[in-house]
Amino acid sequence: MNKEVCILGAGGHAKVVIEIAEDLGYKITGIYDQNINVTTILDYNVSNDIDSLLQKENIFYAFGSNYNRKSNSLKYKSADFNLIHPSSIISRTAVFGHGNVVMAGAVINSSVQVGNHCVVNTSACIDHDCEIEDFVHISPNAALAGNIKVKEGAQVGIGASIKQNVIIGKWSVVGAGAVVINDVPDNVIVVGNPAKIINNIPK
């Protein structure tokens, strides 16, 4: 396995990604960000020469934003591996695509499927037989019961709970602390207990 990685993104989320990569023994060959005011992160210099990424490989997208991860994945040569924190608990029957980050304390149980470029954040729990599509973000301490499908680009907010057999629609947002007991359609924001739609998200 190639143990080198190039990081795109230099915000707070990227700090966590960088430390996981270091813990796993990866050599970080460069960190890039479009924000010209960002020049360092942790012990690394940050380059704003985004165009040079076209010549790079093994690029890992260190953005919390699902939209940013998707848009950049269409431009550059993405990492074909995952960054999984050593303290996370991953079932031997879980299946992953590539470019995913799984953070400290997360639990991913039996027969879960995770697509590409997803974030399973700190202490999130995904129970048996869930399907997590591409570019999804499961926020810290979110809890997903069994047989849930989270469609492309959706975000499950911090501390949210989702009942078994529920579908979360594409690019929808489940608000922090929400309790979801019914399916959520595409491109909406839901909050509360029980979760209700409060707004639409432009497609």
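Buried means under 20% relative accessible area. In this predicted model, Phe 81 has a relative accessible area of 7%, so Phe 81 is buried.

**Aromatic pairs**

A search of the whole structure finds 2 aromatic pairs. Phe 81 belongs to one of them: its ring and that of Tyr 26 have their centres 4.8 Å apart and their planes at 25°, so the two are stacked. This pair links distant parts of the chain, 55 residues apart. Tyr 26 lies in the loop between α1 (12-23) and β2 (27-32), and Phe 81 in the loop between α2 (66-73) and β6 (83-84). Tyr 26 also has a charge over its ring: the charged end of Lys 3 sits there, 4.3 Å from the ring centre.

Tyr 67 and Trp 171 are stacked too, because their ring centres are 4.5 Å apart and their planes meet at 20°. Tyr 67 is in helix α2 and Trp 171 in the loop between β20 (167-168) and β21 (173-174), so this pair ties together parts 104 residues apart in sequence.

| Residue | Relative accessible area | State |
|---|---|---|
| Tyr 26 | 8% | buried |
| Phe 81 | 7% | buried |
| Tyr 67 | 45% | partly exposed |
| Trp 171 | 12% | buried |

**Nonpolar cores**

The largest nonpolar core has 30 residues. Those with the most contacts inside this core are Ile 126, Ile 132, Leu 144, Val 150, Val 156 and Ile 168. Apart from this core lies another, of 22 residues, including Ala 10, Ala 21, Val 46 and Ala 79. Not counting residues up to four places away in sequence, Leu 144 touches several residues, among them Cys 125, Ile 126, Asp 127, Cys 130 and Ile 162.

How values were computed. Residues are numbered from 1 along each chain as its sequence is written. This is a predicted model: local features need pLDDT of at least 70, side-chain atom pairs count only at pLDDT 80 or more; totals for chains, interfaces and linings use all residues. Side-chain values use heavy atoms; hydrogens and water are left out. A nonpolar core is a set of buried Ala, Val, Leu, Ile, Met, Phe, Trp, Tyr and Cys residues joined through side-chain atoms within 4.5 Å. Buried means under 20% relative accessible area, exposed over 50%, partly exposed in between (1.4 Å probe, protein chains only). Contact means heavy atoms within 4.5 Å. Rings of Phe, Tyr and Trp (its six-membered ring) pair if their centres lie within 6.5 Å; planes under 30 degrees apart count as stacked, over 60 as edge-to-face and the rest as tilted. Helices (H or I, at least four residues) and strands (E, at least two) are DSSP runs, numbered from the N terminus. A charge sits over a ring if NZ of Lys or CZ of Arg is within 6 Å of the ring centre and within 35 degrees of the ring normal.
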